[in-house]
Amino acid sequence: MHQDLVIWDPSVYTFARIPSNVSPSDLGIIYVELKRYGEAESEFRKVLEDPAYPTPQMAYLNLGLLYAEQGRDEEAVTQLRRSVGIDPRFYKAHFHLASVL
């Protein structure tokens, strides 16, 4: 894990302390909200490198949404298809895949 992070959020002109026990997936989501896309991608990839991670379809969804937000549609489609491939009943992934296509 990482040490506690203190990040500047210019949207609210404040610092935020993120506890060291925040999961990489949650940290990735925080980074997306702060528009720190490179760091978000890194955190989502950490999740996907862990073969024991219980819901990789969520990580692929998050990575696909990150790419879509950046206008990286082809990469978004690839990640969203991976999410659907893992769990064909995961309606959120289907919805977002359809919206990118």
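User: Where is the place of Lys 35?

Analyst: Happy to start there. This is a predicted model, where local features need pLDDT of at least 70, side-chain atom pairs count only at pLDDT 80 or more, and totals for chains, interfaces and linings use all residues. Residues are numbered from 1 along each chain as its sequence is written, and side-chain values use heavy atoms, leaving out hydrogens and water. With helices (H or I, at least four residues) and strands (E, at least two) taken as DSSP runs numbered from the N terminus, Lys 35 sits in the loop between α1 and α2.

User: Is Lys 35 buried or exposed?

Analyst: Buried means under 20% relative accessible area, exposed over 50%, and partly exposed in between (1.4 Å probe, protein chains only). Lys 35 has 55% relative accessibility, so the residue counts as exposed.

User: What is the phi of Lys 35 near?

Analyst: Most residues other than glycine have a negative phi. Lys 35 is not glycine, yet its phi is positive, near 60°.

User: Which residues does Glu 43 touch, not counting those up to four places away in sequence?

Analyst: Glu 43 lies in helix α2 and is buried, at 8% relative accessible area. With contact meaning heavy atoms within 4.5 Å, Glu 43 touches Pro 24, Leu 27, Gly 28 and Tyr 31.

User: Where in the protein is confidence highest?

Analyst: pLDDT is the predictor's confidence in each residue, from 0 to 100. The protein averages 87, and 83% of the residues score at least 70. The lowest mean, 53, belongs to strand β1 (residues 5-9), while the highest, 98, belongs to α4.
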